[in-house]
Amino acid sequence: MIGFTVIASSEGIPPMFALLALMLAGVVMVSLLLLRLRQSMLAGYFLCGVIIANSGVLGLLGGGESHEGVSQMAEFGVVLLMFTLGLEFSLGELRFLRKLAFVGGGLQMGLCMLATALLTPFIHPDWQGAVILSVALAMSSTAVSLKSFQDLGLEASPGARMALAVAIFQDLFVIVFFLFLPLLLPHEGEDASLLPRLGSLALRGGVFVVLAAVMARWVIPGLLNAVTKTRNRELFTLTVIGSCVGLAFIGGLLGLGLALGAFVAGLAVSESMFKHRILADVMPLKDLFLTIFFVSVGLMIDMGAVLRLWLPISVLTVVVMLAKSSIITFVARRLDLAPKQALMAGIGLCSAGEFSLVLLQQTRSAALWNDDTQQTLLAACALSMGLLPALLKAGVPLGEWLVKKGWGRRKPVKFDAGSLRQRVKGLTGHAIICGHGPVGERLNKALLDAGVSTLVVELNAETARKLQREGQTVLFADACHEETWELTRLKYARLVALTFPDATVNAQALSVIRVLRPDIPVLARARFSSDVDRLKRLGATQVVNDETEAAKSIVEKAETLQGA
């Protein structure tokens, strides 16, 4: 290591460049190891920063100077994160998930912040610190949560949709919170009274909204149109980054924060035709600088303090994750999610998030609490994010076990019980369709057009109510429960179609169906080829594989184009 430092110094290599090279090399090595162990790469970023910070390298490479440069690059990573957040923000998606987002997200943030407020006497911050801390610990990691659902093949499950909806609300909440953050972090020489500062904030916010609206309506679209006509890719990327940095700079000048300006810049082009091209250009840069951000968080962790404070760090991590998972599971159950899906949503959002770390980093200079508290909070947040993928994976069998033990079991019928019983009672020679997503909806329409009566089993309460209003016979029930199949008049049915993309759910439903009615034809769906044989062994008559059907369709279309 000393040789490395001597070489860097003698050749005139800037200390920050040497540190950056070491960081990126370390991230690659640690991440490869963690991927082989099927662990989250995010944990590798933190771990790399912790190793560098506690190995003495920082002191050898220029100490504060190199660390300061890395911190500035990390801040640019946050700016790009906020820009892509604004760019990916979808009003259509928000409308589709509005109940889960506003009711579920509002309850989650409110209850989590209240629970955190009860912890503050043990941490001893003043009221500003209590507010910031309650928001920081209520936030969840959208990136880690959704990536973990994808790794398990559960991204289309109700639990994942609940997690996405709450994450959308959290993003909106933290954007507004960033606007008011300067009020909670007064600087020396500022008027300490709240009213003048609030008035000043409103004035600056109004000026920024006007400027942002003008740029979003005329300046940025006109500029991108002009640049597009040049057909110069490099100029397009420079224009996008320049627009992002420019609005972030204006937000910073007005004292509203770089993050808010960058979010508005993304929002300005989110509904334009350039959205997807911008995302393709910006995402690699965002990933690079966010990696530096997470490593820089690891650089702030002192292993000596962590070893000394291992007990409060462990207790805080466990308390936060248990409290958040319990609260979110409770909220999800109140919103009619099935027990297992509610539990998955709760586990998926139980960690701290990227914005937890951003808030803790931005408030570091305000000295709202002592160094030991800062180390405890940083380590607990990082640890919770690192543990999330493994916990979510364990949540699948845990949810199944709890359901088998009777947790959350209730009568499936939730609507107009009298008329529904009459319609179900009269069914015979009908098809039972489990799930009314895009696949289930098309199958249901085709069968009805062919004169076959149908019964839909659906776990989404809003979809079930909509179907009932349309006159469709529907059960709001879980296809994994034996009681559900007793209500479907399976004995008199001609066909069962399991249209869920989740092979685990289909497998559980098949195990019940084959006990009650071994001879009925069952059509099942499998997202991955590896699930086909498993479903056939469990008794599926035919299995439609998403991957195989997509491949056939692509080949047919390619042959058609070739022939043309």
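# Briefing: surface patch, helix packing and salt bridges

Helix 7 (residues 98-123) supplies five residues, the largest share of a nonpolar patch. The model is predicted. Elsewhere, helix 14 packs against helix 18, and a search of the whole structure turns up seven salt bridges.

**Nonpolar patch**

- The patch covers about 530 Å² of surface.
- Phe102, Val103, Leu107, Leu111, Leu114 and Phe330 make it up.
- Leucine 111 sits in helix 7.
- Its relative accessible area is 32%, so leucine 111 is partly exposed.

**Helix 14 and helix 18**

- Two packed helices are described by the angle between their axes and the distance between the axes.
- Helix 14 spans residues 275-299, and helix 18 spans residues 354-362.
- Their axes are 11 Å apart and meet the packing description at an angle of about 55°.
- The pair is therefore oblique.
- The crossing of helix 14 past helix 18 is left-handed.
- Helix 18 is mostly covered, with seven of its nine residues buried.
- Those buried residues are Glu354, Phe355, Ser356, Leu357, Val358, Leu359 and Leu360.

**Cysteine 244**

- Helix 12 (residues 233-253) holds cysteine 244.
- Cysteine 244 has 1% relative accessibility and therefore counts as buried.
- Glycine 266 is 22 residues from cysteine 244 in sequence. In space, the C-alpha to C-alpha distance between them is 7.1 Å.

**Salt bridges**

- Side chains of opposite charge can pair when their charged atoms come close.
- Aspartate 449 is exposed at 60% relative accessibility, and lysine 445 is exposed at 53%.
- Lysine 466 and glutamate 470 form another salt bridge, at 3.0 Å from N to O.
- Lysine 466 is partly exposed at 41%, whereas glutamate 470 is exposed at 52%.
- Arginine 534 bridges to aspartate 531, with the closest N and O atoms 3.9 Å apart.
- Salt bridges count within 4 Å, so the arginine 534 pair qualifies at 3.9 Å.
- Arginine 534 is partly exposed, with a relative accessible area of 29%. Aspartate 531 is buried, at 13% relative accessibility.

Conventions
Residues numbered from 1 in each chain as written. Predicted model: local features only at pLDDT ≥ 70, side-chain atom pairs only at ≥ 80, totals over all residues. Heavy atoms only, no water. Patch = residues over 30% accessible without salt bridge, like charges linked within 9 Å, V, L, I, M, F, W, Y side chains within 5 Å. Areas by Shrake-Rupley, 256 points an atom, 1.4 Å probe, with all protein chains shown as cover. Salt bridge = Lys/Arg side-chain N within 4 Å of Asp/Glu carboxyl O. Helix = DSSP H or I, 4+ residues; strand = E, 2+ residues; numbered from the N terminus. Buried < 20%, exposed > 50% of the residue type's maximum accessible area, 1.4 Å probe, protein only. Axes fitted to C-alpha atoms, helices over the stretch in contact; angles between N-to-C directions. Parallel < 35°, antiparallel > 145°, perpendicular 65-115°, else oblique. Left-handed = near helix turned anticlockwise from the far one by under 90°.
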